[in-house]
Amino acid sequence: MPAARPTPPSWMTALICGSLVITLSMGVRQVSGLFLRPVTDDLNFSREIFGLAVGLQNLVWGLTQPVAGLLADRLGARWVVVGAGVCYALGLGLAAVAPDSVLFVIGLGVLAGLGQSGTTFAVILAVIGRLTPPAQRSRWLGVGSAAGSVGMFVMVPATSILLDLVGWRSAMLILVGLVAMMALLALGLDEAREPQAADTGTGRGAVAVALADRDYWLLNLGFASCGFQLAFVATYLPTMLTDGALSTALAAGVLACIGAFNIPGTYLAGAAGGRCRKTRLLAVLYLARGAAMAGFLALPLSSASALVFAALFGLLWTATVPLTSGLVADLWGRRDMGLLFGLAMVGHQLGAFAGAWTGGFVFDRTGSFMPVWLVAIGLSLTAALCHAGLREQARPCALQAGAAG
């Protein structure tokens with residue numbers, strides 16, 4: 001009698017462990033804005049340099065994301081998450097002990113960006129997308145995406161307290177310990193991968209099909225707008241509030257409020273994506289973002305206006321992620337989802353680099369963030385038009401992959 005094959009972890013195990021990895025990775029990432037003032041004061045460099053570090057983090061994350069996604073598609077996500085988690089921890093550790101701006105930028109910008117490429121949405125959501133039942137895929141992608149907001153909700157106030165108690169260097173070293181936990185959680189990301197001839201390829205066919213498709217470029221352009229908006233707001237909103245005579249505690253509370261409201265917002269977006277056309281939902285979400293930013297700028301800056309903006313913007317923060325990743329799986333197939341969504345993340349992170357760096361660049365030269373806010377509002381309209389013109393129809397490659405799987 002042949003020996004029984006070992007039973008791989010269930011899709012629920014992968015969902016839980018993957019969501020916790022995203023919680024830690026995105027939670028630590030979203031606290032960067034709280035370090036701006038103490039780091040620049042201590043190391044004596046400009047906001048533009050700090051913005052460059054955050055921008056490089058986003059850029060490196062985006063440019064290496066397709067490689068991480070391809071490795072996860074072909075080899076499984078487990079070891080990709082382990083290696084990336086170690087790199088993430090090394091980057092934060094280097095930034096924590098950096099004596100000058102150069103090492104700080106290398107640590108927080110380059111090494112942390114490499115770490116994020118293998119511990120965030122493209123790699124983890126690809127696992128969830130492959131393993132969860134198709135009829136429930138959009139909902140569970142929403143759960144995985146919302147996990148990043150749980151991290152933001154928890155990590156922002158906790159980091160604010162740490163900064164007050166132990167200073168920025170010790171606070172960052174504590175974050176190193178949390179990031180290292182991702183290597184243990186990666187053990188739950190083992191997939192049952194049957195040998196298939198198609199799996200021996202490099203994914204070039206899937207990439208060629210997607211890159212030849214106008215709609216894939218529209219999807220990427222809209223997602224780049226998303227990256228610009230999120231990176232700019234996360235990096236500079238806390239400083240904008242404290243520059244406006246509001247307290248540091250309130251600034252941290254605003255980021256936490258964004259995270260809190262993004263949990264139901266992202267989950268509901270994912271659930272709605274299983275019932276409504278994702279392209280229309282995305283167009284509405286981007287228009288709503290633009291309206292929220294315009295309303296915030298139109299009102300006098302106060303605690304109330306900041307918290308109302310945080311609640312509204314939080315509902316929309318990463319609500320685009322389950323819908324965008326779901327469109328990639330629906331239109332071009334789930335077998336190469338990690339690679340194809342990773343390529344979409346390149347556009348997102350190019351936008352994020354622009355948002356993080358441009359904010360500091362413009363402020364250092366004009367003393368105001370207003371021009372960048374206006375660009376962010378304009379990008380909402382651009383993204384809405386991109387998704388309104390996108391054809392939500394499965395391509396032949398997606399139908400073939402569905403028939404094979």
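Reply: A crossing is right-handed if the near helix is turned clockwise from the far one by less than a right angle, and left-handed if anticlockwise. This is a predicted model, in which local features need pLDDT of at least 70 and side-chain atom pairs pLDDT 80 or more, while totals for chains, interfaces and linings use all residues. Residues are numbered from 1 along each chain, and side-chain values use heavy atoms, without hydrogens or water.

Our pair is H6 (residues 121–131) and H7 (residues 137–180), helices being DSSP runs of H or I with at least four residues. Their axes come within 9 Å and cross at roughly 145° (lines fitted to C-alpha atoms over the stretch in contact, with angles from 0 to 180 degrees between N-to-C directions). The crossing of H6 past H7 is right-handed. From H6, Phe121, Leu125, Ile128 and Gly129 make the contact, meeting Arg137, Trp140, Leu141, Gly144 and Ser145 of H7 (heavy atoms within 4.5 Å). Five of these residues are nonpolar, three polar and one charged, with Gly counted as polar.

Together with Met26, Arg29, Leu230 and His348, Phe121 lies nearest the centre of the largest cavity, a space where a 1.4 Å probe fits on a 1 Å grid but cannot get out. That cavity holds about 110 Å³, the space filled by probe spheres set on its points. Its lining has 16 residues, each with an atom within 4 Å of a point: 10 nonpolar, five polar and one charged.

Conventions:
Helices (H or I, at least four residues) and strands (E, at least two) are DSSP runs, numbered from the N terminus. On a 1 Å grid over the protein atoms alone, a cavity is a set of points where a 1.4 Å probe fits but cannot get out, and a pocket is an open set with protein on both sides within 12 Å along at least five of seven lines; lining residues have an atom within 4 Å of a point.
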